[in-house]
Amino acid sequence: MELRESGIEGIGDVPWGTHISFVYHTKDEYLENFASYIGKGLLNNELCVWIYGEDTNPDELKEHLKNNVEDIDEYINRNQLLFIDNREWYIENNDFNELRVNKQWLELVKFSIDNGYDGLRAVADTSWLDKSYWRSFSAYEKNINTLISELPFIVVCLYNASKLGLYEFADVLNNHYYNIIVENKECKVIRNVELIVKNKQLSKSQENYRNLLRILPVAVFIHDEDKILYSNDTACRMLGLKTKKSITDSQLIDYIADEMKEDFRDYIKKILNDIEGTICFKSKLCSGDGRVLDIESISSGYIYNGFPKVLSVIRDITPLKKIAKLQEDIEKSNILLNETLEYDKIKTEFFSNLSHELRTPLNVMLSAVQLIKSLKNSNKKDKLLKEKSCLNMIHQNCYRLLRLVNNLIDITKIESGFFELKLSNCNIVRLVEDITFSVAAYIENSGITLQFDTDTEEKVIACDPDQIERVMLNLLSNAVKFTPRGGHIWVNLYDRGDNFIIKIKDSGIGIPHEKQNFIFNRFQQVNKSFNRQFEGSGIGLSLVKSLVEKHGGKITLNSELGRGSEFTIEIPCVALSESKIECLSRKDRSHSRIERAHVEFSDIYAFNFDNTLSST
Ligand code: ADP
C-alpha cells in the first residue's frame, strides 16, 4: 500500500483516498497547520489545490505558504498549485449539486494524472456552508469516501467551529477518517476507527488484487485509445518492453497487427461509449523485440481512478497454435502412413493376385499343348475333337492374358498421362446397343435375362467408341460374373439434354456399403475370399472410371448386398465441330467388337472358333 506523507502532526503517513476534517476557530489555525500539508504535497509531486473561503484570498495564502515552501511561484506558474474560490467550486445557481462537485473532483484528479503528477492533494474550505445545505452536504461528504478511496486523492475539509452545532459536529466526525480539532493551539486528532479499518481492509484487498494481477500468467492492460495506464509483468514481457515506464509511454494499438488495428480501435471506442460490454477477438501481436504472437483478447469497460477505461486481458496462444498445428501434422502424417501401408498391402495383394492371373492361363495353355502332344496314339476322330477343344482353351486363355496385359498397359498409360482418347462423333445409342447385343447370346446362355431399353433412338456425341466399348464390356462382364443363373441384367439409356446416361443394373450378389467407396480404386476387389471364385485382377473398374472421366463424365454406384448393383455413367453431350469425323460403320466395327468381347469376357467364358460365345 503506497503511503503519502500528510505533513500533519498526529496523522503521519496516509494512503491515497484519505478524507480528513479540520475544525478551526480562527483563520490562523488553519493557515499555520496547512502550510506543511501543502508543502509535502508539492515536494512529493502531487497537484495541490486550495479551495479557499471568503475570509482569505490567493495572495494571502500564497504569502503564507511562501514562508514555508521555497519557490512557491514556480509551483504556481507550472500549475502544480491552484487556488479556487469555494463558492465557485460548490455553488451553482444558488444551489449545491453533489454530482457537479464530484465531477469537478474527478476532473482535477484526471488533470493531475494527465500532467504527470502522482495524484491530487486538496484543502476544501466549507465556510460557505449554512444550515440549509447541511443535510445534502453531509450526505455528499459520506458518499465521497467511496469515490476518493478509488482515486489518488487526499483531501482536508475545513470546518468553522462556530458554525457547527452538536449534530453537525457528530456528522463531521462520522464522515472523515481523521478529524483534527485545535484546542489551546494544540492539534488533537480524533480517528474514525471504523472508517480507517474499512479503508485499511480495502487497501489490503486492493493490494492482494494488484499482486495477483501482477503475477497472472496473462497480460492485463488498463488503457484507453491513447494510453496504457496499467499493465502487469506478463504484459511487459508480452510487449517485449523492459520497463513499466516504456509501457505507459506506448499505445496498445501500436502492437496490434496492422490488419486488426482498425477493428481494435473500433472495439475500444464501443466499450468506452458503453455500446458493447465485452469484446473478444483473436489477432497477431507484434512485440517490441520483433516477435509475432498469436493472441486472444477479452476487453471490457473498467472504472480506473474514477474514469471509464478499458480492461484488456490478453493471452498468448502461439504455443497452443503450434501444438494444434503439430497435432494436425501428426494426424496428416498418420493418415498418409496408413494410406501408404494400406496401398502397399493392396499392391502386394494385387501382385500376388496378378501372378495367379498370369499363371492360370499359362498353365491351362501348357496343359492343352501337353494334351495335344499326347494324342499321337488316339483314333483320328477322337484326336480331332480333343485337338479342337484344346485349341479353344488355348485361344480363350490367350485372350485372357491379352485382357490382363491391355488393362495393365492402359492403366499405366492413364496414370502417367500418356493416354489419349480418339474422339469422333458417334451415335452413342447405337454404339451401346450393338455392344450389349454382341454379348447377349452369352448372357442368355448363362441363364441370365438381358433387357435393353432406351428413351431415344439417336444421340450423336463426341466419344472414343473403342473405349466406350471397353467400359460397357467391363461392366457387363462384371454383371454376368456376379449374377447367379436365373438373374437379370438391365441396360438403360436416357437422354438428359446436357448429359447422356447409361445404366447397367444387375440382380446379382451386390456390393457391401462399406466397400462401395473403394470399388473404383486400383487393385481392389471386394471380398478377397471370393477372389478365386470370381477371377479378376481388380483393375477393371478403376480403368472404367478413368475412361469415363477422360470423356468428361462420371460413374456412380448404387448397390445393396444380396439385391444387385447399378452402375450409372453420365457423359456430357458435346459433339465435335468437324462433322466428317464419324464413327466406323456398324459393319466395320462388328468384327473388332467380337474380338473385344472375347477379350473382355475371357475371364468368364469359353468360346468356339465360330465366334459365338458360350458359357463355361
Ligand atoms: P475384377 O477385374 O477383379 O473384376 P473390377 O475392378 O472390375 O475387378 O471389380 C472390382 C471388384 O468389384 C470385383 O472383384 C467385385 O468384387 C466387385 N464388383 C464389380 N462389379 C460388381 C457387380 N456387378 N456385382 C458385384 N460385385 C461387383
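At what angle do helix α16 (residues 465–481) and helix α17 (residues 540–550) pack, and how far apart are their axes? In this predicted model, the views below take up that pair of helices and several other elements in turn.

**View 1. Packing of helices α16 and α17.** The two helices pack at an angle of about 145°, with their axes 10 Å apart, and α16 passes α17 in a left-handed crossing. On the side of α16 the contact is made by Gln-467, Arg-470, Val-471, Asn-474, Leu-475 and Asn-478, while α17 contributes Gly-540, Leu-541, Leu-543, Val-544, Leu-547 and Val-548. By class, the residues of this contact of α16 with α17 divide into seven nonpolar, four polar and one charged.

**View 2. Helices α6 and α7, with their contact residues.** The axes of α6 and helix α7 (residues 166–175) come within 9 Å and cross at roughly 15°; angles under 35 degrees count as roughly parallel, and the two helices are therefore roughly parallel to each other. The crossing in which α6 passes α7 is left-handed. Trp-134, Ser-138, Glu-141, Lys-142 and Asn-145 of α6 meet Glu-168, Asp-171, Val-172 and Asn-175 of α7, and the residues of this contact divide into two nonpolar, three polar and four charged.

View 3. Leaving aside residues up to four places away in sequence, Ile-148 touches Gly-17, Thr-18, His-19, Phe-153 and Val-155. Ile-298, which is 150 residues apart from Ile-148 in sequence, is 28 Å apart from Ile-148 in space, C-alpha to C-alpha.

**View 4. An open sheet of seven strands with mixed pairing.** The strand order in this sheet is β5-β4-β8-β9-β3-β10-β11, and the edge strands, each of which pairs on one side only, are β5 (81–85) and β11 (186–191). From one strand to the next, the twist averages 20°. Within the sheet, strand β8 (residues 120–125) and strand β9 (residues 153–160) run parallel and are joined by six bridges, with Cys-157 in β9 as the bridge partner of Ala-124. Helix α5 (residues 98–114) packs on the sheet, where it touches β4 (47–52), β5, β8 and β9, and its direction makes about 145° with that of β8.

**View 5. An open sheet of five strands with antiparallel pairing.** Here the strands follow the order β13-β12-β16-β15-β14, with β13 (228–231) and β14 (278–286) as the edge strands that each pair on one side only; the twist averages 30° from one strand to the next. Nine bridges connect β14 with strand β15 (residues 292–304) in the antiparallel sense, and the bridge partner of Phe-281 in β15 is Ser-297. Helix α11 (residues 258–272) lies across β12 (219–223), β14, β15 and β16 (307–316), running at about 150° to β14.

**View 6. Strand β23 and its partners β21 and β22.** Seven of the nine residues of β23 (residues 564–572) are buried, so this strand is largely enclosed by the rest of the structure. Strand β21 (residues 499–506) runs antiparallel to β23 and is joined to it by eight bridges, with Asn-499 opposite Pro-572 in β23. Strand β22 (residues 554–560) also pairs with β23 in the antiparallel sense, over seven bridges, and Ser-559 stands opposite Ser-565 in β23. The strands β22 and β23 form a hairpin with three residues between them, and Gly-562 in the turn has a positive phi of about 85°.

**View 7. Two asparagines with positive phi, Asn-79 and Asn-94.** Most residues other than glycine have a negative phi. Asn-79, although not a glycine, has a positive phi of about 60°; its place is in the loop between α3 (72–77) and β5, and at 39% relative accessibility Asn-79 counts as partly exposed. For Asn-94, likewise a residue other than glycine, phi is positive and near 60°. Asn-94 is found in the loop between β6 (91–92) and β7 (95–96), and with a relative accessible area of 68% this residue is exposed.

How values were computed:
Residues are numbered from 1 along each chain as its sequence is written. This is a predicted model: local features need pLDDT of at least 70, side-chain atom pairs count only at pLDDT 80 or more; totals for chains, interfaces and linings use all residues. Side-chain values use heavy atoms; hydrogens and water are left out. Contact means heavy atoms within 4.5 Å. Axes are lines fitted to C-alpha atoms, for helices over the stretch in contact, and angles run from 0 to 180 degrees between N-to-C directions. Helices (H or I, at least four residues) and strands (E, at least two) are DSSP runs, numbered from the N terminus. Angles under 35 degrees count as roughly parallel, over 145 as roughly antiparallel, 65 to 115 as roughly perpendicular and the rest as oblique. A crossing is left-handed if the near helix is turned anticlockwise from the far one by less than a right angle, and right-handed if clockwise. Ala, Val, Leu, Ile, Met, Phe, Trp, Tyr, Cys and Pro count as nonpolar, Asp, Glu, Lys and Arg as charged, and the others, Gly among them, as polar. Two strands pair if DSSP finds at least two bridges between them. Buried means under 20% relative accessible area, exposed over 50%, partly exposed in between (1.4 Å probe, protein chains only).
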